[in-house]
Each structure stands twice: as C-alpha cells, then as structure tokens.
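Trainee: Could you take me through one part of this model slowly, as I am new to it, and tell me how that part sits among its surroundings?

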Amino acid sequence: MQLTTPAITATTAETARCLLLEEWLGKYFKPVLDLAGNDLIRQQEWKGYREAGLSRVVGGSRQRIPPADIHFTDGPFPHPRPGVIIRMTWLSPITTYRKTHTFAGRQQEMIHQKFAWMFWVRANFDRSRDAHAASKTSAELLYKLFSNPASWRPLIRKGIYKICPDKPKFVANGADYEMRLVVVEAHVRYAAVSEV
C-alpha cells in the first residue's frame, strides 16, 4: 500500500501526522458520508451496516470492516444518526529529543517526538445490542490495525514509527449508543531544519 501524502518534515509535523493517518485509515474504513455530507449507506441495523463495509486482511485474517465517519477535529460528536463515528484527538508531544544520524556518509540531525492519538469510537443504532456490537467491533479492528506492524509499514516510510496501541476501553453507553476509546502511542521522526 502506498500513501500519497508527503513525509513528515519540520514545517509540516502537525498537519502531516493527521493527513497521513487520515489517508491510511481511509484504506481500511469505507466512509459513511461523501464530501458533500450525503449518506452513502442507509442501514439501520448493524448486520446490514457491517455487510456494506470493506473486506480487508487485518491481523493475519480477512475481516469485514464496517463503514465509519472518521473525524480529525475536536468538539462534540455530530448529530447522532445510525452508524459508527470515529473521532481522533491527539496529545501534544509527550517527549521531544534530537539525535544525529548518518545517512550515506552524511550526518543529519533528526527530531524524534513521542505523542499519543486518542480514537473515540461511537456507535449509534436503534437497538442497544447493535450499538454495542458496532462500537466493540470497530474499536477492536482499530486496535488490530495498530497492533500489526505489517499494516502500518506505509506510515514508517513517512516518518511515523513505534506504534503501540492500548486495548479498547469502554467509556459510556445509552439506549441507542455506545462509546469506546482506543489510545495509541507513536513516535515521529523528521530532519531538523538547519539554522542560518
């Protein structure tokens, strides 16, 4: 799998992380909305909704990945409607350090940052058992994707490495929704900008 988003640089460290992740996850999760905000899938029950997803190899076995709206912004979840919404937020770099590496006989100072992504997985369905199944399945698939180094190899090529997810945690539920959290720690590496 190739990613078209450019690699992380000193000037694009914040935005490139999100763009790379959005492109990578888009290879696995089929969107629920088109760019104009129109529903692409009109399924009320989890079984039919899940069948509308993509079939991909995750964690060594072929799995049906349900459609999901993936958002990379802070703020409240959009108006609840049937389906799965994954909201990604991130913590500022936890640690930052500089290290000199040698590439093809030349030395280059690299910046390394450790940070964390938080994926809030919310499922809204008419029945609570469908919401439970949808949130659990979607959160577990996210965990499997981030747990499998072969699946995130394209991210390594762009500067994101040492990806380490925590198991999904239950957050909240109600009559027609359920929410889970998947926290993923990772490192980024990019060349330091030379000071003039």
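Mentor: A104 is found in the loop that links β4 (83–103) to β5 (106–124), where helices (H or I, at least four residues) and strands (E, at least two) are DSSP runs numbered from the N terminus. The phi angle of A104 is near 50°, which is a positive value in a residue other than glycine, and with a relative accessible area of 85% A104 is exposed; here exposed means over 50% relative accessible area, buried means under 20%, and partly exposed lies in between (1.4 Å probe, protein chains only). This is a predicted model, in which local features need pLDDT of at least 70 and side-chain atom pairs count only at pLDDT 80 or more, while totals for chains, interfaces and linings use all residues. Residues are numbered from 1 along each chain as its sequence is written, and side-chain values use heavy atoms, with hydrogens and water left out.

K162 also has a phi near 50°, a positive value in a residue other than glycine. K162 lies in strand β6 (residues 160–165) and, at a relative accessible area of 51%, is exposed.

As for the setting, the chain has 4 helices and 8 strands, and along the sequence they follow the pattern α-α-β-β-β-β-β-α-α-β-β-β. Of the 196 residues, 42% count as buried. Among contacts (heavy atoms within 4.5 Å) between residues at least 6 apart in sequence, 61% join residues at least 24 apart.

The part that I would look at closely is helix α3 (residues 128–147). Helix α3 has 20 residues and reaches 28 Å from its first C-alpha to its last, close to the 28 Å expected at 1.5 Å a residue, the expected span being 1.5 Å times one less than the number of residues. Its buried residues include D130, A131, A134, T137 and S138. S135 also lies in α3 and counts as buried because its relative accessibility is 0%. Leaving aside neighbours within four places in sequence, S135 is in contact with V121, A123, E178 and R180. K136, likewise in helix α3, is partly exposed, with a relative accessible area of 35%, and its C-alpha atom is separated by 9.3 Å from that of K169, 33 residues apart along the chain.

Helix α3 also meets helix α1 (residues 13–26): their axes come within 12 Å and cross at roughly 110°, where axes are lines fitted to C-alpha atoms, for helices over the stretch in contact, and angles run from 0 to 180 degrees between N-to-C directions. That makes α1 roughly perpendicular to α3, a term for angles of 65 to 115 degrees. The crossing of α1 and α3 is right-handed, meaning that the near helix is turned clockwise from the far one by less than a right angle. At this contact, L21, W24 and L25 in α1 meet L142, L145 and F146 in α3. By class, the contact has 6 nonpolar, no polar and no charged residues, with Ala, Val, Leu, Ile, Met, Phe, Trp, Tyr, Cys and Pro counted as nonpolar, Asp, Glu, Lys and Arg as charged, and the others, Gly among them, as polar. On the α3 side, L142, L145 and F146 are buried, and on the α1 side L21, W24 and L25 are buried too. Helix α1 itself has 14 residues and reaches 20 Å from its first C-alpha to its last, close to the 20 Å expected at 1.5 Å a residue.

Definitions and conventions. Parallel < 35°, antiparallel > 145°, perpendicular 65-115°, else oblique.
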